[in-house]
Amino acid sequence: MGASGPFDLVVRGGRVVSADGSRVTDVAVAGGRIAHVGDGLSGRRDIDASGKLVLPGAIDGHVHIRTERDADAYDDTFTSGSVAAAFGGVTTFVDQIQVEPGRGLTLAGGVERRLAEAEGACVVDYAFHVNPREPARALLDEIPTLAEAGFPSVKFFMNYDGYALPDDALLYGMQRVAEAGGLAIVHAENKAVIDELVRQNEAAGRSGLAWYGSARPSVIEGEAAHRALAIARVAGCRILVFHATAAEVAEEIGRAKAVGQAAFGEAVLHYLLLDERLLEDPDVGTAFELSPPLRDEHHRAALWTALADGTLDVVSTDHGPRRLVREADGRMVPPRGTSGIEVRLALIHEFGVRTGLLTEERWVDVCCTRPADVFGLPTKGRLEPGYDADLVVFDPEREVTISHTLLHSTVDHSTYEGTTVRGWPVATVVRGEVVVEDGQLRVSPGFGRSAERGWSS
Ligand SMILES: [Zn+2]
């Protein structure tokens, strides 16, 4: 094969956007990897990308495709969720392996079970965080072995009955993560304070979703983030704070970065885009009974600023779609949970890039490149020779009004129903194979593989 081809596939004439800049050129693929980026390349297959953007495949590091929980089970399957991902330009997603307390499961047993569900079912690549939900030392002691087996990211909850780990177990778990060279991920909230504020609201007759946020003040989310960051610093492990919703959390992450801590922050689509007043909407409010809660425009502005300046590193979706349920009065309402895996790239383009809050390069960074660095996906996230040939062709002029009828999750409503965007992914390539093109899925479930994990430093 000469320097100019023929390659297996050439994506021709698009404006190739990376975290560092953009230029109109060709991207060539050989053997499932990026072979060359340059002009005048020829391939046995071509995708004409003229007038369009060519980006590294997007990575969604925080999704819940489906869980084995009794309550709050999500309604996607690995097939429907990964097809939604593919149509949204997402070439790798990271789901979670929960081990429910009291079921006698080891983390390794949970991994085996969840992997078996995903294998043969996905159309894009996937990975998993492991999530111990009880403070048992034996469970936390599994962390180093699992990291070596390819599961180096560990999620810890500080909130919710039956999920939350107390600070001593958090420290012990993070020490095991440090030993493994992995990543601790924290859902940072102060459970005791929230529980007390909920009790006080109830006692005072402050019921209903309008009071929901008042029991979860932003300053207390900031306190929990501070505590998680401090414990990680003592443990000496890399830490990612999941779904920052408040200015105070961004400040804590910024301070940790400033002293050189390996600390990262995640923004989540609905906290960037949706207002707390939605909780009072009788038609959709129930979907947003989320903890931490939706907040006001002051916090959203702080999150966008933190995303633009690098204080927050990645945008994920916390995708957890659920079908409408019938209320006692007969109305159909959405249960708690949001869907986002298919619309993130387009919505961040619309409300970040087109509004001027983010540069095009930063959009690519937070959706495609930084997630590979933060979540430990060393073969993903860059259109450079040697990386997996995961890419998306994005048409910046294509106008789409979001509706569940057009999306691919198996749910009957979208969190962003009726929102119109200009700019939409039109082709998705994973490891050099065209997965979506011309509105059609081109591969079968089982094409998606478990992605390689790890960090170079
Ligand atoms: Zn989540």
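Guide: Before we start, one term: two residues are in contact when heavy atoms lie within 4.5 Å of each other. Also, keep in mind that this is a predicted model.

Visitor: Fine, let's take a helix. How many residues does α2 have, and what distance does it reach from its first C-alpha to its last?

Guide: Helix α2 runs over residues 107–118, which makes 12 residues. The reach is 17 Å, close to the 16 Å expected at 1.5 Å a residue.

Visitor: Which residues of α2 are buried?

Guide: Buried means under 20% relative accessible area. In α2 that holds for Leu 107, Gly 110, Val 111, Arg 114, Leu 115 and Ala 118. Look down the axis of α2 and these buried residues fall within an arc of 125°, so they line one face of the helix. On the face turned away from that buried side you'll find the exposed residues Glu 112 and Ala 116.

Visitor: And what covers the buried residues of α2?

Guide: The cover includes helices α1 (78–87), α3 (137–140) and α4 (143–148), along with strands β7 (90–99) and β8 (125–132). While you're there, check Gly 120: just after α2, this glycine takes a positive phi of about 80°.

Visitor: On to the rings. How is a pair of aromatic rings described?

Guide: You give the distance of the centres and the angle of the planes. By the pairing rule, this model has eight aromatic pairs. One of them joins Phe 157 and Tyr 160, 5.8 Å centre to centre with 50° between the planes, which is a tilted pair. Tyr 160 also pairs with Tyr 163, this time edge-to-face, at 5.4 Å and 80°.

Visitor: Which charged residue sits over the ring of Tyr 163?

Guide: Arg 133, with its charged end 3.8 Å from the ring centre. You can look up another case at Arg 431, which lies over the face of Phe 447 at 4.5 Å from the ring centre.

Visitor: Now the metal. Which protein atoms are donors of the zinc ion?

Guide: They are NE2 of His 62, NE2 of His 64 and OD of Asp 318, lying 2.1 Å from the ion. The sequence spacing of these donor residues reads H-x1-H-x253-D. His 62 and Asp 318 link distant parts of the chain, 256 residues apart. His 62 is in the loop between β6 (58–60) and α1, and Asp 318 in the loop between β13 (314–316) and β14 (325–326). Both His 62 and Asp 318 are buried.

Visitor: One last stop: where is Pro 334 found?

Guide: In the loop between β15 (332–333) and α11 (344–353). Pro 334 has a relative accessible area of 5%, so it is buried.

Visitor: What is Pro 334 in contact with, leaving aside its neighbours within four places in sequence?

Guide: Asp 283, Val 284, Thr 286, Ala 287, Leu 324 and His 413.

Conventions:
Residues numbered from 1 in each chain as written. Predicted model: local features only at pLDDT ≥ 70, side-chain atom pairs only at ≥ 80, totals over all residues. Heavy atoms only, no water. Helix = DSSP H or I, 4+ residues; strand = E, 2+ residues; numbered from the N terminus. Expected span 1.5 Å × (residues − 1). Buried < 20%, exposed > 50% of the residue type's maximum accessible area, 1.4 Å probe, protein only. Arc of directions from axis to C-beta. Phe/Tyr/Trp six-rings, centres within 6.5 Å; stacked < 30°, edge-to-face > 60°. Lys NZ or Arg CZ within 6 Å of the ring centre and 35° of its normal. Donors = N, O, S within 2.8 Å, 3.2 Å for Na, K, Ca; no water.
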